[in-house]
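Open your viewer and load the model. We will go from the whole chain down to a single residue.

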Amino acid sequence: MSNPEDAVPLPLAPLLPLALRLGAFALAGYAARRLVAGRSHPGRTDQRMEDALDDVGEGVTVHRPADRNETGLAQTNSTARLRRTVQIAGHRYEVDAAIATRFRIRKG
């Protein structure tokens with residue numbers, strides 16, 4: 001049977017700098033998360049855009065539509081799509097990434 005008076009206290013003082021650094025890092029991460037969450041838009045799903053992204057061909061395209069190049073307006077459109085099937089640890093995953101962008105400058 002052990003005597004409680006024979007117990008040796010654990011030296012926790014050397015761990016204090018590490019604990020303070022980890023705490024400061026966690027606090028900064030929490031503050032950044034709150035800041036981003038407070039300023040972000042909840043987003044929405046537009047079925048028309050979903051259908052347009054499904055119609056995008058694989059690869060990258062960039063073009064300037066002739067009907068959009070009026071005086072004072074310059075517009076460039078681009079699309080990109082990547083479709084792959086990957087196998088990881090015996091499981092198959094289909095990856096489908098598509099993006100459509102529009103860059104427009106109008107003289108005021």
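Predicted model: local features only at pLDDT ≥ 70, side-chain atom pairs only at ≥ 80, totals over all residues.

Residues are numbered from 1 along each chain as its sequence is written, and side-chain values use heavy atoms, with hydrogens and water left out.

**Select the whole chain.** Colour by secondary structure. You will find 2 helices and 3 strands. From the N terminus, the order is α-α-β-β-β. Helices (H or I, at least four residues) and strands (E, at least two) are DSSP runs, numbered from the N terminus. The radius of gyration is 28 Å, well over the 13 Å that the globule rule gives for 108 residues, so the chain is more spread out than a compact globule. That radius is taken over C-alpha atoms, and the rule is 2.2 Å times the number of residues to the power 0.38. Along the principal axes, the C-alpha atoms fill a box of roughly 90 × 50 × 25 Å.

**Select strand β2.** Pick residues 73-88. Now find N77 within this strand.

**Zoom in on N77.** Is N77 buried or exposed? N77 counts as buried, at 17% relative accessibility. Buried means under 20% relative accessible area, exposed over 50%, partly exposed in between (1.4 Å probe, protein chains only). Buried residues make up 7% of the 108 in the chain.

**Show the surroundings of N77.** Leaving aside neighbours within four places in sequence, N77 is in contact (heavy atoms within 4.5 Å) with T61, V62, H63, P65, T101 and R102.
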